[in-house]
Amino acid sequence: MRTLTWTLLLLFFITEIFSQITTSDKNMMEALDEKVPLLMQENAVPGLALAVIDNGQILLRKGYGFANLEEESTILTSTGFNIGSISKLFTATAIMKLAEDGKIDLDAPVQKYLTRWNLPESNFDANKVTIRSILSHTAGISVHGYPGFTNKTSLPTLEASLNGNNGPAKVDEKVELILAPQTEFKYSGGGYTILQLLIEEVTEMPFEKFMKKTIFKPLKMKSTSFKISKRMLKNSAIPYDKNKKALPFEYFTAQAAAGLQTTLDDFILFVADLLHHHSIISEKTIRTMVAPTEVSKGKYGIGFMMLKFGPLELKGHAGSNTGFQSGFFMDFNTKSGLIMMTNGDKGDKTLKKIIKTWASFKYKK
């Protein structure tokens, strides 16, 4: 009976319930449906997947353009995309799950849980580098972001990456303390790589395996993984540069910071759990994650970045990897927002204008 109830709730969320859609909503969908292809053309974006959520229900779920220009294969809601730094939101969810289960203390020094690697010595107090501060980018950690590797077999180990031994891509940029912890906001993909190691140490499982067991499998996200298989690549959109030139797919040692591959259909399942079911982490924990932190001066919560559009206070994340640009932002008060994924280097320009168009209709409500 519980399985049936879960299925019915999920169907309610992901099914377009047109009888409840207002005139304003219809106008918004028509405006987006008309504007999205024009924005894609303007910014040389081959393909885009878009979901519009309002009051907890899906108003629009659609693919635009091409996953592969040469083969003229279209974007479907089941097409795979690399979502870059939105990966951090999923990693943060896993960390909060470990905290809820009593496996870690968010306010303990991260080094308490590490044996395979430790922060290099510095002039700052490493004991103040807590898990919570890393989650909110207030730990004073280096390395803003990571490029990927086009050769899957040449990926450095996690420890080597933390030590800065990344080959020509990120040579000598090691993860270290460069600011006094808990004093200011400094975005750090390096910090989330430390969290990747923490998850492996605490769970005694490879990071991608733990994420599958804890989040993706329970939510039936069958096309989502930090481990990029041949099957996933076959279903993936091709990444393109700003001139629509095809680019090689990139792989990441720093998976927790930037390496997640997913589809629009799967992402919707994750959002449904955040908004309605709370089967992975509790509603109370989600409220903590979307609350802006004082040290970040309101820029970041736990795994969530903050974005203001007029009276709208959006919580979510943006993602940017070579050939892929993505965004996920929600107004958690009204359970309304957007999921957007593109396979073009200039996709961010398109996404910003989509958010602006959507927000212009939300102001009117």
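Modeller: Let's start with Gln 182, which sits in the loop between α5 and α6 (189-203). Helices (H or I, at least four residues) and strands (E, at least two) are DSSP runs, numbered from the N terminus. Before we go on, please keep in mind that this is a predicted model, where local features need pLDDT of at least 70 and side-chain atom pairs count only at pLDDT 80 or more, while totals for chains, interfaces and linings use all residues. Residues are numbered from 1 along each chain as its sequence is written, and side-chain values use heavy atoms, with hydrogens and water left out.

Gln 182 has a positive phi of about 65 degrees, although it is not a glycine. Most residues other than glycine have a negative phi. Gln 182 counts as partly exposed because its relative accessibility is 39%; buried means under 20% relative accessible area, exposed over 50%, and partly exposed in between (1.4 Å probe, protein chains only). Glu 72 has a positive phi too, of about 55 degrees, and it is not a glycine either. You will find Glu 72 in the loop between β2 (57-68) and β3 (73-74), and at 58% relative accessibility it counts as exposed.

Another loop is worth a visit, the one between α8 (230-234) and α9 (255-258), where Asp 241 is found. Asp 241 is buried yet has no salt bridge, and the nearest side chain of opposite charge, Lys 245, is 5.6 Å away. Here Lys and Arg count as positive and Asp and Glu as negative, while His and the chain ends are not counted. A salt bridge is a side-chain nitrogen of Lys or Arg within 4 Å of a carboxyl oxygen of Asp or Glu. The side chain of Asp 241 does reach the backbone nitrogen of Lys 245, at 2.8 Å. Leaving out residues up to four places away in sequence, Asp 241 touches Ala 44, Leu 247 and Asp 345, where contact means heavy atoms within 4.5 Å.

Thr 253 also belongs to the loop between α8 and α9. Its relative accessibility is 10%, so Thr 253 counts as buried. With residues up to four places away again set aside, Thr 253 touches Leu 155, Pro 156, Thr 157, Leu 158, Ser 161 and Gln 196.

Now to the charged pairs. The whole structure holds eight salt bridges. One of them joins Arg 116 to Glu 159, with the closest N and O atoms 2.6 Å apart. Arg 116 lies in the loop between α3 (87-100) and α4 (131-135) and Glu 159 in helix α5 (residues 158-162), so this pair ties together parts that are 43 residues apart in sequence. Arg 116 is partly exposed, at 37% relative accessibility. In another salt bridge, Arg 287 pairs with Glu 283, and their closest N and O atoms are 4.0 Å apart. These two residues are four residues apart in helix α11 (residues 283-289), so about one helical turn separates Arg 287 and Glu 283. Salt bridges that share partners join Arg 116, Glu 159 and Glu 200 into one network.

On a 1 Å grid over the protein atoms alone, a cavity is a set of points where a 1.4 Å probe fits but cannot get out; a pocket is an open set with protein on both sides within 12 Å along at least five of seven lines, and lining residues have an atom within 4 Å of a point. Grid points are joined across faces, edges and corners, and a volume is the space filled by probe spheres set on the points.

The largest pocket has a volume of about 530 Å³. Its lining has 26 residues, and Met 305, Ala 318, Gly 319, Ser 320 and Gln 325 lie nearest its centre. β7 (312-321) is among the elements that each supply at least two residues of this lining, and its five residues are the largest share.

The structure also has three cavities of 30 Å³ or more. The second largest cavity has a volume of about 40 Å³, and its lining is made by Gly 80, Ser 223, Arg 231, Met 232, Asn 235, Gln 261 and Thr 263. Both α8 and β5 (261-263) supply at least two residues of that lining.

How values were computed
A polar contact is a pair of N or O atoms within 3.5 Å; within protein, one must be able to donate a hydrogen and the other to accept it, and residues adjacent in sequence count only if both atoms are side-chain atoms.
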